[in-house]
Amino acid sequence: LRSLALDDLGLSGALEQLINEEKVRCDWEDAELVHNIGDYRFDKTLETGAYRIAQEALTNIRKHADARRVQMVLLLEEDAHGELKLHLQIRDWGKGFDANVQASRAAHAGMSGIGLQGMSERAQLLGGTLTIRSTPGHGSTVTATLPVIFADDEENS
């Protein structure tokens, strides 16, 4: 289930390609990726997980947000304990939603918010966290914080 773009372009390149493809597909006025990871290569599991979280978030924006502007931020940062974390944030300025109403609708329909749940589970499997913030009329923000595992040849770089 690994995107070939990850092998060819690395995480930043694959995400840049993904957001540009969605920008064209959705006719978004503004869609950008901001990152500080350069050409770093991460463990394949981490790259795949981060890519799939971003992909699901962009799919949700396309299907539900009615957004014209999207921003993806990918930052490699050291936390308060000196551990490296990868912060992936996908934000839209679309119509947003009320999380409580969304959960109630999903429960009534016998669904569990599969896309949102899948993103959260993927982050947890990687040892990270995922938060979703949304306000009706003001868009949504998905933030994943994941522990960094470099590819074998990048360790201690």
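Let me start with Gln71, which is buried at a relative accessible area of 18%; buried means under 20% relative accessible area with a 1.4 Å probe, protein chains only. A word on the source: this is a predicted model, where local features need pLDDT of at least 70, side-chain atom pairs count only at pLDDT 80 or more, and totals for chains, interfaces and linings use all residues. Residues are numbered from 1 along each chain as its sequence is written, and side-chain values use heavy atoms, with hydrogens and water left out.

Gln71 sits in strand β2, residues 69-78; strands here are DSSP runs of E, at least two residues, and helices are runs of H or I, at least four, numbered from the N terminus. Beyond four places in sequence, Gln71 is in contact (heavy atoms within 4.5 Å) with residues including Glu32, Ile90 and Trp93. Its side chain makes a polar contact with that of Glu32 at 2.8 Å, the term being a pair of N or O atoms within 3.5 Å, one able to donate a hydrogen and the other to accept it, where residues adjacent in sequence count only if both atoms are side-chain atoms.

Now the sheet. It is open, with five strands in the order β1-β2-β3-β5-β4 and mixed pairing; strands pair if DSSP finds at least two bridges between them. The edge strands are β1 (30-35) and β4 (129-135). β2 and β3 are antiparallel over nine bridges, and Met72 stands opposite Ile90 in β3.

Lys85 lies in β3, residues 84-92, and is also buried, at 17% relative accessibility. Among its contacts beyond four places are Leu75, Asp79 and Pro147.

Key. Buried means under 20% relative accessible area, exposed over 50%, partly exposed in between (1.4 Å probe, protein chains only).
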